[in-house]
Amino acid sequence: MKRSEINKIMAEAEEMIARFGFQLPPFAWWTPDRFRAPEAQVIVDRRCGWDITDYGQGRFGEMGLFLFTLRNGRLEDLRAGQGMCYAEKLLISKKDQLSPMHTHVIKAEDIINRGGATLAVELYGSDAEGRFDETAGGTVMCDGIPKDFAPGEVLKLAPGESVTLMPGDWHAFWGDGGHVLIGEVSMVNDDETDNIFREPIGRFAEIEEDEDPRHLLVSDYKSL
(Lines give C-alpha, C1' and ligand atoms only; values in the text may rest on other atoms or scores of the structure.)
Protein backbone atom coordinates (compact mmCIF):
# COMPACT_ATOMS: atom_id res chain seq x y z
CA MET A 1 0.00 0.00 0.00
CA LYS A 2 1.14 3.54 -0.66
CA ARG A 3 1.59 5.73 2.40
CA SER A 4 -0.69 8.30 0.75
CA GLU A 5 -3.48 5.70 0.60
CA ILE A 6 -2.94 4.83 4.27
CA ASN A 7 -3.08 8.52 5.21
CA LYS A 8 -6.38 8.90 3.37
CA ILE A 9 -7.82 5.84 5.12
CA MET A 10 -6.74 7.27 8.48
CA ALA A 11 -8.46 10.59 7.75
CA GLU A 12 -11.68 8.80 6.76
CA ALA A 13 -11.48 6.64 9.90
CA GLU A 14 -10.98 9.68 12.15
CA GLU A 15 -14.12 11.21 10.67
CA MET A 16 -16.22 8.06 11.14
CA ILE A 17 -15.00 7.47 14.69
CA ALA A 18 -15.80 11.08 15.62
CA ARG A 19 -19.23 10.80 14.00
CA PHE A 20 -20.12 8.03 16.43
CA GLY A 21 -18.86 10.06 19.39
CA PHE A 22 -15.87 7.83 20.18
CA GLN A 23 -12.69 9.52 21.44
CA LEU A 24 -9.29 7.97 20.71
CA PRO A 25 -6.63 8.02 23.47
CA PRO A 26 -3.95 10.75 23.55
CA PHE A 27 -1.24 8.57 21.98
CA ALA A 28 -3.30 8.46 18.76
CA TRP A 29 -1.98 11.95 18.01
CA TRP A 30 1.67 11.53 19.09
CA THR A 31 4.47 12.56 16.75
CA PRO A 32 7.26 10.11 15.82
CA ASP A 33 9.57 11.93 18.25
CA ARG A 34 7.12 11.37 21.10
CA PHE A 35 7.09 7.65 20.33
CA ARG A 36 10.89 7.64 20.67
CA ALA A 37 10.64 9.00 24.24
CA PRO A 38 11.23 6.50 27.09
CA GLU A 39 7.70 6.92 28.49
CA ALA A 40 6.28 5.65 25.18
CA GLN A 41 7.93 2.26 25.50
CA VAL A 42 4.87 0.52 26.96
CA ILE A 43 2.71 1.73 24.04
CA VAL A 44 5.33 0.59 21.53
CA ASP A 45 6.02 -2.77 23.18
CA ARG A 46 2.31 -3.61 23.38
CA ARG A 47 1.74 -2.40 19.82
CA CYS A 48 -1.08 -0.03 20.66
CA GLY A 49 -2.14 2.45 18.00
CA TRP A 50 -3.00 2.67 14.30
CA ASP A 51 -3.10 -0.44 12.13
CA ILE A 52 -4.24 -0.66 8.50
CA THR A 53 -3.87 -3.80 6.44
CA ASP A 54 -4.64 -5.10 2.98
CA TYR A 55 -3.31 -8.52 4.06
CA GLY A 56 -0.52 -8.06 1.51
CA GLN A 57 -2.96 -8.44 -1.39
CA GLY A 58 -2.93 -4.88 -2.75
CA ARG A 59 -6.73 -4.41 -2.95
CA PHE A 60 -7.75 -2.76 0.28
CA GLY A 61 -11.27 -1.91 -0.87
CA GLU A 62 -12.05 -5.59 -1.42
CA MET A 63 -9.91 -7.20 1.28
CA GLY A 64 -8.66 -5.11 4.16
CA LEU A 65 -9.33 -3.67 7.59
CA PHE A 66 -8.77 -0.56 9.68
CA LEU A 67 -7.84 -1.20 13.31
CA PHE A 68 -6.79 0.85 16.33
CA THR A 69 -5.48 -1.01 19.38
CA LEU A 70 -6.66 0.99 22.38
CA ARG A 71 -5.07 -1.17 25.09
CA ASN A 72 -3.22 -4.46 25.29
CA GLY A 73 -1.84 -6.64 28.04
CA ARG A 74 1.28 -8.78 28.09
CA LEU A 75 1.64 -12.41 27.09
CA GLU A 76 3.66 -12.87 30.29
CA ASP A 77 0.58 -11.92 32.34
CA LEU A 78 -1.61 -14.22 30.28
CA ARG A 79 0.75 -17.14 30.85
CA ALA A 80 0.86 -16.34 34.58
CA GLY A 81 -2.95 -16.14 34.74
CA GLN A 82 -2.96 -12.75 36.44
CA GLY A 83 -2.39 -9.10 35.64
CA MET A 84 -3.46 -7.36 32.44
CA CYS A 85 -4.72 -10.32 30.41
CA TYR A 86 -7.01 -8.36 28.08
CA ALA A 87 -7.00 -6.11 25.01
CA GLU A 88 -9.40 -3.74 23.27
CA LYS A 89 -9.56 -2.58 19.65
CA LEU A 90 -11.66 -0.38 17.43
CA LEU A 91 -12.13 -1.55 13.84
CA ILE A 92 -13.81 -0.31 10.69
CA SER A 93 -15.06 -2.78 8.10
CA LYS A 94 -16.21 -1.06 4.93
CA LYS A 95 -19.13 -2.15 2.79
CA ASP A 96 -18.35 -5.58 1.28
CA GLN A 97 -14.70 -5.31 2.45
CA LEU A 98 -13.62 -8.79 3.46
CA SER A 99 -11.55 -9.64 6.50
CA PRO A 100 -10.59 -13.13 5.33
CA MET A 101 -11.23 -16.46 7.01
CA HIS A 102 -9.02 -16.96 10.06
CA THR A 103 -8.88 -18.19 13.63
CA HIS A 104 -6.69 -17.75 16.70
CA VAL A 105 -4.75 -20.25 18.76
CA ILE A 106 -4.85 -18.30 22.03
CA LYS A 107 -7.21 -15.35 21.73
CA ALA A 108 -10.89 -15.42 22.64
CA GLU A 109 -12.69 -12.28 21.54
CA ASP A 110 -15.99 -10.44 21.51
CA ILE A 111 -16.76 -8.80 18.17
CA ILE A 112 -19.29 -6.00 18.70
CA ASN A 113 -21.18 -3.90 16.17
CA ARG A 114 -20.70 -0.42 17.63
CA GLY A 115 -22.62 1.38 14.90
CA GLY A 116 -23.31 1.83 11.22
CA ALA A 117 -24.55 -0.93 8.94
CA THR A 118 -24.98 -4.65 9.63
CA LEU A 119 -21.87 -6.69 10.42
CA ALA A 120 -21.81 -10.03 8.57
CA VAL A 121 -19.75 -12.80 10.21
CA GLU A 122 -19.22 -16.09 8.35
CA LEU A 123 -18.47 -19.06 10.61
CA TYR A 124 -16.90 -22.51 10.34
CA GLY A 125 -15.71 -24.98 12.94
CA SER A 126 -12.42 -26.87 13.23
CA ASP A 127 -11.30 -30.46 12.91
CA ALA A 128 -9.75 -32.32 15.85
CA GLU A 129 -6.40 -30.52 15.29
CA GLY A 130 -7.99 -27.07 15.08
CA ARG A 131 -7.65 -26.81 11.30
CA PHE A 132 -10.32 -25.31 9.06
CA ASP A 133 -13.08 -27.83 8.35
CA GLU A 134 -15.63 -26.91 5.69
CA THR A 135 -17.98 -29.58 7.07
CA ALA A 136 -17.86 -28.42 10.71
CA GLY A 137 -20.28 -26.15 12.50
CA GLY A 138 -20.24 -25.24 16.17
CA THR A 139 -21.66 -23.01 18.85
CA VAL A 140 -20.91 -19.36 19.65
CA MET A 141 -22.36 -16.94 22.17
CA CYS A 142 -24.37 -14.00 20.84
CA ASP A 143 -24.81 -11.45 23.61
CA GLY A 144 -24.71 -14.22 26.20
CA ILE A 145 -27.09 -16.57 24.35
CA PRO A 146 -25.72 -19.82 22.82
CA LYS A 147 -26.13 -19.95 19.05
CA ASP A 148 -25.51 -23.12 17.03
CA PHE A 149 -24.15 -22.47 13.55
CA ALA A 150 -23.95 -24.63 10.44
CA PRO A 151 -20.72 -24.62 8.40
CA GLY A 152 -20.58 -21.43 6.37
CA GLU A 153 -23.49 -19.80 8.17
CA VAL A 154 -23.42 -16.00 8.15
CA LEU A 155 -24.48 -14.17 11.30
CA LYS A 156 -25.96 -10.71 10.79
CA LEU A 157 -25.17 -8.41 13.72
CA ALA A 158 -27.11 -5.16 14.02
CA PRO A 159 -25.64 -2.19 15.95
CA GLY A 160 -25.32 -3.16 19.60
CA GLU A 161 -25.17 -6.91 18.92
CA SER A 162 -22.08 -9.06 19.39
CA VAL A 163 -20.62 -12.53 19.02
CA THR A 164 -18.06 -14.26 21.23
CA LEU A 165 -15.47 -16.27 19.29
CA MET A 166 -13.21 -18.87 20.86
CA PRO A 167 -9.94 -20.32 19.52
CA GLY A 168 -10.87 -22.70 16.73
CA ASP A 169 -13.92 -20.70 15.64
CA TRP A 170 -13.00 -19.85 12.05
CA HIS A 171 -14.49 -16.54 10.95
CA ALA A 172 -14.52 -13.92 8.20
CA PHE A 173 -16.47 -10.66 8.29
CA TRP A 174 -17.50 -7.61 6.27
CA GLY A 175 -19.83 -4.64 6.28
CA ASP A 176 -23.23 -5.63 4.92
CA GLY A 177 -25.05 -2.70 3.34
CA GLY A 178 -22.53 -0.07 4.48
CA HIS A 179 -19.55 0.66 6.70
CA VAL A 180 -19.46 -0.71 10.26
CA LEU A 181 -17.69 0.56 13.38
CA ILE A 182 -16.63 -2.54 15.33
CA GLY A 183 -15.42 -3.05 18.88
CA GLU A 184 -13.17 -5.95 19.81
CA VAL A 185 -12.67 -6.97 23.44
CA SER A 186 -10.32 -9.92 23.82
CA MET A 187 -7.57 -11.68 25.64
CA VAL A 188 -4.06 -10.32 25.11
CA ASN A 189 -3.61 -9.63 21.40
CA ASP A 190 -0.56 -10.93 19.51
CA ASP A 191 -0.92 -10.05 15.84
CA GLU A 192 2.57 -11.34 15.06
CA THR A 193 1.84 -15.02 15.71
CA ASP A 194 -1.81 -15.60 16.71
CA ASN A 195 -3.61 -14.99 13.41
CA ILE A 196 -4.03 -18.25 11.49
CA PHE A 197 -5.46 -17.65 8.01
CA ARG A 198 -7.14 -20.26 5.87
CA GLU A 199 -5.22 -19.02 2.81
CA PRO A 200 -1.48 -18.22 2.88
CA ILE A 201 -1.72 -14.43 3.22
CA GLY A 202 0.06 -11.86 5.35
CA ARG A 203 -1.28 -9.96 8.33
CA PHE A 204 0.44 -6.64 7.61
CA ALA A 205 0.65 -4.43 4.52
CA GLU A 206 3.88 -3.67 2.68
CA ILE A 207 4.30 0.12 2.63
CA GLU A 208 5.48 2.21 -0.32
CA GLU A 209 6.68 5.55 1.06
CA ASP A 210 5.35 8.25 -1.26
CA GLU A 211 4.63 10.87 1.45
CA ASP A 212 5.12 11.45 5.17
CA PRO A 213 2.88 9.44 7.53
CA ARG A 214 -0.20 11.13 8.97
CA HIS A 215 0.26 8.90 12.05
CA LEU A 216 2.64 6.03 12.68
CA LEU A 217 1.32 2.51 12.22
CA VAL A 218 2.14 -0.16 14.79
CA SER A 219 4.19 -1.79 12.02
CA ASP A 220 6.30 1.41 11.86
CA TYR A 221 7.45 1.09 15.48
CA LYS A 222 10.29 -1.29 14.62
CA SER A 223 11.94 1.50 12.60
CA LEU A 224 12.00 3.85 15.60
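Me: Where does Ile-196 lie, and why is Ile-196 called partly exposed?

Reply: Ile-196 lies in strand 12; strands (E, at least two residues) and helices (H or I, at least four) are DSSP runs, numbered from the N terminus. Buried means under 20% relative accessible area, exposed over 50%, and partly exposed in between, with a 1.4 Å probe and protein chains only. Ile-196 has a relative accessibility of 32%, and therefore counts as partly exposed. The model is a predicted one, in which local features need pLDDT of at least 70 and side-chain atom pairs count only at pLDDT 80 or more, while totals for chains, interfaces and linings use all residues. Residues are numbered from 1 along each chain as its sequence is written, and side-chain values use heavy atoms, with hydrogens and water left out.

Me: What makes Val-105, Ile-106 and Ile-196 a nonpolar surface patch?

Reply: Patches are made of residues with over 30% relative accessible area and no salt bridge; nonpolar side chains (Val, Leu, Ile, Met, Phe, Trp, Tyr) are joined within 5 Å, and like charges within 9 Å. The areas come from the Shrake-Rupley method with a 1.4 Å probe, and for residues only the protein chains shown count as cover. Val-105, Ile-106 and Ile-196 make such a patch, of about 250 Å².

Me: Which residues form the negative surface patch, and why is Glu-211 called partly exposed?

Reply: The negative patch is formed by Glu-208, Asp-210, Glu-211 and Asp-212. Asp and Glu count as negative and Lys and Arg as positive, whereas His and the chain ends are not counted; the place of a charge is NZ of Lys, CZ of Arg, CG of Asp or CD of Glu. Glu-211 lies in the segment after strand 12 (196–197). Its relative accessibility is 39%, so Glu-211 counts as partly exposed.

Me: Why is strand 3 described as largely enclosed, and which residue is the bridge partner of Asn-72 in strand 3?

Reply: Seven of the eight residues of strand 3 (residues 86–93) are buried, so the strand is largely enclosed by the rest of the structure. Two strands pair if DSSP finds at least two bridges between them. Strand 2 (residues 65–72) and strand 3 have six bridges and pair in the antiparallel sense, with Ala-87 as the partner of Asn-72. Strand 3 also runs antiparallel to strand 11, joined by eight bridges, and Glu-88 stands opposite Val-185 there.

Me: How many bridges join strand 5 to strand 11?

Reply: The two strands, residues 109–126 and 170–187 respectively, run antiparallel and are joined by 14 bridges. Ile-112 faces Gly-183 in strand 11. Strand 5 also pairs with strand 6 (residues 132–133) in the antiparallel sense, over two bridges.

Me: What makes the contact of Arg-47 with Glu-192 a salt bridge?

Reply: A salt bridge is a side-chain nitrogen of Lys or Arg within 4 Å of a carboxyl oxygen of Asp or Glu. The closest N and O atoms of Arg-47 and Glu-192 are 3.1 Å apart, and the pair forms a salt bridge. Arg-47 lies in the loop between helix 3 (41–45) and strand 1 (49–53) and Glu-192 in the loop between strand 11 and strand 12, so the pair ties together parts that are 145 residues apart in sequence. Glu-88 and Arg-71 also meet in a salt bridge, at 2.6 Å from N to O. By this rule the count comes to 19 salt bridges.
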